[in-house]
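Okay, thanks for coming, everyone. Have a look at the model on the screen, and I'll talk you through it.

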Amino acid sequence: MLATALAGSLPLDESRAKDEDGLVAHDPAAELAAKRASLEEQLEVLRRPPEPGSIGFGKRVGEGTSQAVDRITAVSAEEKLQAMLTDVKRAQEKLAEGTYGRCDACGVEIAPERLEARPWATRCVDHA
Ligand SMILES: [Zn+2]
């Protein structure tokens with residue numbers, strides 16, 4: 001159920017953001033704030049304990065395995081979201097510092113296409 005909710009919300013958020021921005025207006029501060037809010041919300045959902053009654057319901061063969069797989073998927077999703085959230089926070093710091101758009105490792109300007117696709121990119125392609 002969690003995985004379904006997550007899979008449903010992710011592409012929806014992305015397409016909605018694109019519709020509103022039209023890919024023309026590029027406002028990193030707003031995009032980062034929106035991305036951060038979205039990530040924090042998804043992380044909270046992932047970390048929420050399972051609803052009472054959902055565990056052990058409908059016992060059938062192989063359920064233990066599928067529950068374990070679900071757990072692994074959730075953990076890996078959480079790690080990805082957390083890593084992205086760290087990048088978003090760092091990018092917000094860089095905006096405040098005035099180093100936004102420059103690689104944290106070598107200081108070179110990050111390609112605009114890269115920033116367009118990932119406004120939270122804090123490193124150039126070579127140092128990603
Ligand atoms: Zn670099």
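**Starting from Val88**

Let's begin with valine 88, which is found in helix H3; helices here (H or I, at least four residues) and strands (E, at least two) are DSSP runs, numbered from the N terminus. Before going on, a word on the source: this is a predicted model, where local features need pLDDT of at least 70, side-chain atom pairs count only at pLDDT 80 or more, and totals for chains, interfaces and linings use all residues. Numbering starts from 1 along each chain as its sequence is written.

So, is valine 88 buried or exposed? Valine 88 is buried, because 24 other C-beta atoms lie within 10 Å. The cut-offs: buried takes 20 or more other C-beta atoms within 10 Å of the residue's own, exposed is 12 or fewer, and partly exposed is in between, with C-beta atoms placed from the backbone.

What does valine 88 touch, leaving aside neighbours within four places in sequence? Valine 88 is in contact with Leu32, Lys35, Arg36, Leu39 and Trp120, contact meaning C-beta atoms, placed from the backbone, within 7 Å. Alanine 33 is 55 residues away from valine 88 along the chain, yet their C-alpha atoms are separated by 8.3 Å.

**The core**

Valine 88 also belongs to the largest nonpolar core, whose nine residues are Leu32, Leu39, Leu81, Val88, Ala91, Tyr100, Ile110, Trp120 and Ala121. H3 has the largest share, with three residues. By nonpolar core I mean a set of buried Ala, Val, Leu, Ile, Met, Phe, Trp, Tyr and Cys residues joined through C-beta atoms within 7 Å. Leucine 32, another member, touches Val88, Ala91, Gln92, Pro119 and Trp120, not counting residues up to four places away in sequence.

Glutamate 79 counts as exposed because it has 10 C-beta neighbours inside 10 Å. Its C-alpha is 9.3 Å from that of leucine 43, 36 residues apart along the chain. Then there's glycine 107, in the loop between H3 and helix H4 (112-117). Glycine 107 is exposed too, because it has 9 C-beta neighbours inside 10 Å.

**Stepping back**

Overall, the protein has four helices and zero strands. Of its 128 residues, 11% count as buried.

How far can you trust it? The protein averages a pLDDT of 80, and 72% of the residues score at least 70; pLDDT is the predictor's confidence in each residue, from 0 to 100. Confidence is highest in H2, at 95, and lowest in helix H1 (residues 2-21), at a mean of 46. Over residues 3-23, pLDDT stays under 50, and the model has nine contacts beyond four places in sequence for them. Where pLDDT is low, the predicted coordinates should not be read in detail.

Notes:
Contact = placed C-beta atoms within 7 Å.
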